[in-house]
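Please read them with the structure open beside you.

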Amino acid sequence: MKKNHLGIDHPLVAVRDMDKASEDFARIGFFINPRHHHPWGTDNHLLMFPENFIELISIYDDSKLDLKNEKGFAFGRFISDSIERREGISLVALHSEDARQDHQLMNERGVENQGIVDFRRVAHRPDGTEEEAVVSLVMLVNSSCPPVSNFFCHQHKPHLVWVKEWMNHPNGANGIAAVSYIADNPADFLPRFAGIYGEEAVTLDSDILIAKTDRGVFEVLSPDRANDRFAGVGIPVSGAQRPSGVAIRVSTHSMAQAKSHLDKNQVIYIETDDGGLRIPAHYAGNTIFEIYPESL
């Protein structure tokens with residue numbers, strides 16, 4: 001498949017208590033980088049890998065949540081509403097190296113979007129120095145189903161994000177392999193993913209949709225398929241909360257290292273039949289985490 005350049009950049013795991021979430025994610029083996037703040041009232045920690053990352057995001061200032069772009073979109077309010085609905089995966093950012101060109105592409109393909117958000121924030125380096133990060137986002141909020149939404153993320157100074165010192169995780173994690181959703185009818189999301197990635201990147205059968213990107217895979221699973229897929233752990237989504245993001249799969253360079261860290265921290269996990277580890281959602285941001293060897 002031709003590289004589509006809009007692969008998984010970072011899922012956002014939205015939480016109410018950032019301090020607790022940081023402790024929880026450290027417990028399952030992720031290095032937590034310095035906290036950063038956005039101009040619209042959210043703050044974050046980034047769990048970095050060589051090609052993508054996980055963003056823990058929360059609210060630090062309610063008074064800033066309604067800051068809007070020229071199309072009237074308020075990023076902070078979207079995150080706040082997501083947290084009110086349920087903690088967990090609120091958005092998934094897609095990797096872009098030219099936000100304006102990719103915005104034009106989505107307009108040509110008829111993919112719903114809320115325009116471009118340009119912003120700056122202070123970036124904290126490992127040595128304690130600071131520099132201004134410059135970021136452009138293209139919002140692809142699904143108005144009929146906000147929990148299955150995306151945005152393009154164009155880092156104009158990528159060296160401030162992809163910092164080698166932040167990629168050394170005690171569980172050996174080195175990339176995102178998949179993000180999974182649960183939905184009553186996965187076929188409803190075929191037009192969306194085909195619009196972003198092209199029809200050739202998306203497959204569908206009666207109970208699962210798969211969209212292959214150049215940085216990981218999206219899955220949309222029916223409830224029955226999700227129960228089979230995540231056997232051994234509870235699905236952290238009620239019927240009223242569907243559709244919704246439910247799980248993140250990461251790769252590791254060492255399964256032994258991942259197991260050792262989880263055992264040391266008394267984290268209960270399931271060993272899957274296909275060689276992975278599955279961690280229940282209550283351990284980390286109401287999101288199931290799976291750890292698999294990097295070759296799988």
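1. Let me start with a term: a salt bridge here is a side-chain nitrogen of Lys or Arg within 4 Å of a carboxyl oxygen of Asp or Glu. The model is predicted, so local features need pLDDT of at least 70 and side-chain atom pairs count only at pLDDT 80 or more, while totals for chains, interfaces and linings use all residues. Residues are numbered from 1 along each chain as its sequence is written, and side-chain values use heavy atoms, with hydrogens and water left out.

2. On the overall fold, the chain has six helices and 16 strands (DSSP runs numbered from the N terminus: H or I of at least four residues for helices, E of at least two for strands). The C-alpha trace spans about 50 × 50 × 35 Å along its principal axes. A compact globule of 296 residues would have a radius of gyration near 19 Å, and the 18 Å of this chain agrees with that (taken over C-alpha atoms; the rule is 2.2 Å times the number of residues to the power 0.38).

3. How much of the chain is buried? Buried residues make up 58% of the 296, where buried means under 20% relative accessible area, exposed over 50%, and partly exposed in between (1.4 Å probe, protein chains only). The chain exposes about 12300 Å², and carbon and sulfur atoms supply 47% of that area (Shrake-Rupley method with a 1.4 Å probe; for residues, only the protein chains shown count as cover).

4. The structure holds 16 salt bridges.

5. One of these salt bridges pairs the side chains of Arg100 and Asp118, at 2.6 Å from N to O. Arg100 sits in helix H3 (residues 99-109) and Asp118 in strand E6 (residues 116-124), so the pair ties together parts 18 residues apart in sequence. Arg100 is partly exposed at 45% relative accessible area, and Asp118 is partly exposed at 44%.

6. Glu131 and Lys157 also meet through their side chains in a salt bridge, at 3.5 Å from N to O. This pair links distant parts of the chain, 26 residues apart: Glu131 is in strand E7 (residues 130-140), and Lys157 is in the loop between strand E8 (150-155) and strand E9 (173-182). Glu131 is partly exposed, at 23% relative accessibility, and Lys157 is partly exposed at 24%.

7. Do look at Arg229 and Glu219, whose side chains form a salt bridge of 3.3 Å, N to O. Arg229 belongs to helix H5 (residues 223-229) and Glu219 to strand E12 (residues 216-221), 10 residues apart. Both Arg229 and Glu219 are buried. Through shared partners, salt bridges join Glu219, Arg229, Arg249, Arg278 and Glu290 into one network.

8. Finally, where is Asn286? Asn286 lies in the loop between strand E15 (277-279) and strand E16 (288-293), and is partly exposed at 26% relative accessibility. Leaving aside residues up to four places away in sequence, Asn286 touches Arg86, Glu87, Gly88, Pro236 and Ala281.

Terms used
Contact means heavy atoms within 4.5 Å.
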